[in-house]
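Hi everyone, thanks for coming.

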Amino acid sequence: DMQQVIGCDINRLHVDWVSRYLPESIMVFQNSSLPTLPLADESLDLITAFSVFTYVESFDTTWLMELRRVLCPDGIAWLTVHSDRTWHEMAPDWPLYQALKDNREFKVIHEMPELPQDRTIIRWRKERSYSANVFYRESYLRRVWGRILKFEDMFPGLPNYQDVVVLRKH
């Protein structure tokens with residue numbers, strides 16, 4: 001059974017780095033912020049998205065539908081997010097805090113004990129894709145994402161400032 005590794009990134013420099021330094025057997029392409037992938041239906045057994053949904057300020061559910069489309073039956077999506085836990089435990093020595101500390105929106109809400117919304121978006125650039133940090137309530141992930149893909153589990157602190165959400169195509 002042949003295994004194929006496919007990678008994609010919105011950042012062309014990352015795509016070029018993979019092409020230059022990782023084995024030629026890895027197929028890599030640049031994607032856009034629009035929720036569409038040039039992959040066949042039910043063509044992937046496993047999808048990992050590290051520090052992707054932490055920036056998806058629009059179309060999170062549309063992206064999940066696209067992941068559902070390309071996942072094989074019983075396939076797994078391993079996605080990292082900024083969660084309620086991230087919000088509560090965020091410390092000044094975290095890169096995330098350093099990136100947000102001077103943001104006007106963050107200054108207003110960062111002392112709140114709870115995330116202000118199911119999806120709390122802190123924008124740091126205007127008129128550009130992936131120009132925000134997004135924090136998700138776990139209840140939102142279970143309730144909304146769980147309608148698209150089965151919510152299997154959530155693991156805190158992988159890495160310390162993100163949590164892993166494990167979803168399965170049912």
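Let's start with Asp-41 and Arg-69, whose side chains meet in a salt bridge, 2.6 Å from N to O. Asp-41 sits in the loop between strand S2 (27-30) and strand S3 (44-49), while Arg-69 is in helix H2 (residues 60-70), so this pair links distant parts of the chain, 28 residues apart. A salt bridge here is a side-chain nitrogen of Lys or Arg within 4 Å of a carboxyl oxygen of Asp or Glu. Helices (H or I, at least four residues) and strands (E, at least two) are DSSP runs, numbered from the N terminus.

Before I go on, a word on where this comes from. It's a predicted model, in which local features need pLDDT of at least 70 and side-chain atom pairs count only at pLDDT 80 or more, while totals for chains, interfaces and linings use all residues. Residues are numbered from 1 along each chain as its sequence is written, and side-chain values use heavy atoms, with hydrogens and water left out.

Back to our pair: buried or exposed? Asp-41 is exposed, because its relative accessible area is 53%. Arg-69 comes in at 26%, so Arg-69 counts as partly exposed. The cut-offs are these: buried is under 20% relative accessible area, exposed is over 50%, and partly exposed is in between, with a 1.4 Å probe and protein chains only.

How many salt bridges does the structure hold? There are 14. Another one joins the side chains of Arg-85 and Asp-163, also described by an N to O distance of 2.6 Å. Arg-85 lies in helix H3 (residues 84-89) and Asp-163 in strand S8 (residues 163-168), so the pair ties together parts that are 78 residues apart in sequence. Both Arg-85 and Asp-163 are buried.

Then we have Asp-118 and Arg-137, with a salt bridge of 3.1 Å, N to O. Asp-118 is in the loop between helix H5 (104-109) and strand S5 (119-123), and Arg-137 is in the loop between strand S6 (132-136) and helix H6 (138-148), 19 residues apart. Asp-118, at 23% relative accessibility, is partly exposed, and Arg-137 is partly exposed at 24%. Elsewhere, salt bridges that share partners join Asp-74, Lys-150, Glu-152 and Arg-168 into one network.

On to the rings. The structure holds 9 aromatic pairs. To pair, rings of Phe, Tyr and Trp (its six-membered ring) need centres within 6.5 Å; planes under 30 degrees apart count as stacked, over 60 as edge-to-face and the rest as tilted. Take Trp-94 and Tyr-161: their ring centres are 6.4 Å apart and their planes are at 55°, so this pair is tilted. Trp-94 is buried, with a relative accessible area of 9%, whereas Tyr-161 is partly exposed at 23%. There's also a cluster, in which ring pairs link Phe-53, Tyr-136, Tyr-140 and Trp-145.

Two of those names come back in H6. Which residues of H6 are buried? They are Tyr-140, Leu-141, Trp-145 and Ile-148. Looking down the axis of H6, these buried residues fall within an arc of 95°, so they line one face of the helix. That arc is taken from the directions from the helix axis to the C-beta atoms. Why would a face form at all? An α-helix has 3.6 residues a turn, so residues three or four places apart point the same way. The cover over the buried residues of H6 includes H2, strand S4 (71-83), S5, S6, S7 and S8.

H2 gives us a second case. Its buried residues are Asp-60, Trp-63, Leu-64, Glu-66, Leu-67 and Val-70. They fall within an arc of 160° seen down the axis of H2, so they too line one face of the helix.

Let me finish on Asp-60 in helix H2. Asp-60 is buried, because its relative accessible area is 4%. What does Asp-60 touch? Leaving out residues up to four places away in sequence, Asp-60 touches Phe-53, Arg-119, Tyr-136, Tyr-140 and Trp-145, where contact means heavy atoms within 4.5 Å. Asp-60 and Trp-145 are 85 residues apart in sequence, yet 8.7 Å apart in space, C-alpha to C-alpha. Their side chains are joined by a polar contact of 2.8 Å. A polar contact is a pair of N or O atoms within 3.5 Å; within protein, one must be able to donate a hydrogen and the other to accept it, and residues adjacent in sequence count only if both atoms are side-chain atoms.
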